[in-house]
Each structure stands twice: as structure tokens, then as C-alpha cells.
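I opened the notebook to go through this fold piece by piece.

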Amino acid sequence: MPVNAWIAASDTEKINQALTRLRERGVPNSCPRCGHYSWIAELVAFHASPMPPSVRPSINIANVGSYIPALALTCRNCGSIFQHNLITLGLMENTTP
Ligand SMILES: [Zn+2]
């Protein structure tokens, strides 16, 4: 989805796009904690601060800025929460300078 189309899309369309990307990438639909298949899906942005260089791992961590846009999935049965980075899924651009 082009960036402008993403911005104009409704939250429901964005959630459906993110769920489609997860299916395309082989993410299982069942909860890994309890095995149920019923989820609450929400778009969230959680704040992140860059790690100080002294504790930064040697791997390249992209997409770390003032916030990380994500699809949050909460299992309706056990309450486990999983977050999927929308930049990594190719649905939003990384705006980190
Ligand atoms: Zn569960």
C-alpha cells in the first residue's frame, strides 16, 4: 500500500492490511500461549528511546525513534499481548532521521 493510501485508510483497513502481511509472512493465527484463535486488534504507537551506546547491541536496530507504530494483538482468552512493527511489515515508512 503506498504511503498516502495508508494515511488515508481507515483504522479497520490498516488493521486488515497488517493482518494480511502477517498471514503472508506465515505468522500463525493461534495464540502461542493458550492456542485460542480470537484476538483484539488495535493500532498503537509506543514510545521508545534509543539505547545508550554502552548497551547497544552490535546488530542494526532500525525503526527506533520517538515511537514505534505497531499492530497490537491481544488474545481474548488469556490476555497475552503481541506487537508487530508496522514499519517492518512495510506498511509505514521509517521517519527516524
Ligand atoms: Zn491466549
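Entry: I am working from a predicted model. I looked up the strand order and found an open sheet of 3 strands, E1-E2-E3, with antiparallel pairing. E1 and E3 are its edge strands, and each of them pairs on one side only.

**Entry: strand pairs.** I took E1 and E2 next. They pair in the antiparallel sense over 9 bridges. Within that pairing, I found Val44 opposite Ala70 in E2. Then I checked the other side of E2. Strand E2 (residues 67-75) pairs with strand E3 (residues 81-85), again antiparallel, over 5 bridges. Here Ala70 has Asn85 as its bridge partner in E3.

**Entry: the hairpin.** I asked how many residues lie between E2 and E3 in their hairpin. I counted 5. In the turn, Gly79 shows a positive phi of about 80 degrees.

**Entry: helix H2.** I looked at what H2 touches. It packs on the sheet and touches E1, E2 and E3. The direction of H2 makes about 100 degrees with that of E1. I then checked the helix span. H2 has 14 residues and runs 20 Å from its first C-alpha to its last, close to the 20 Å expected at 1.5 Å a residue. After H2 comes Gly26, with a positive phi near 80 degrees.

**Entry: the core.** Which residues make up the largest nonpolar core? I listed 9: Ala18, Ile68, Ala70, Leu71, Leu73, Leu86, Leu89, Leu91 and Met92. E2 gives the most to this core, with 4 residues. I wrote a general reminder beside the list: in soluble globular proteins, nonpolar side chains tend to be buried together. I followed up on Ala18. Leaving aside neighbours within four places in sequence, I found Ala18 in contact with Leu71, His84, Leu86, Leu89 and Leu91.

**Entry: Pro32.** I went to the loop between helix H2 (11-24) and strand E1 (39-47), where Pro32 sits. Is Pro32 buried or exposed? I call Pro32 exposed because 9 other C-beta atoms lie within 10 Å, and the cut-off for exposed is 12 or fewer. I also checked a pair distance. Pro32 and Ser80 are 48 residues apart along the chain, and their C-alpha atoms are separated by 9.0 Å.

Methods
Residues are numbered from 1 along each chain as its sequence is written. This is a predicted model: local features need pLDDT of at least 70, side-chain atom pairs count only at pLDDT 80 or more; totals for chains, interfaces and linings use all residues. Helices (H or I, at least four residues) and strands (E, at least two) are DSSP runs, numbered from the N terminus. A residue is buried if 20 or more other C-beta atoms lie within 10 Å of its own, exposed if 12 or fewer, and partly exposed in between; C-beta atoms are placed from the backbone. The expected span of a helix is 1.5 Å times one less than its number of residues. Two strands pair if DSSP finds at least two bridges between them. A nonpolar core is a set of buried Ala, Val, Leu, Ile, Met, Phe, Trp, Tyr and Cys residues joined through C-beta atoms within 7 Å. Two residues are in contact if their C-beta atoms, placed from the backbone, lie within 7 Å. Axes are lines fitted to C-alpha atoms, for helices over the stretch in contact, and angles run from 0 to 180 degrees between N-to-C directions.
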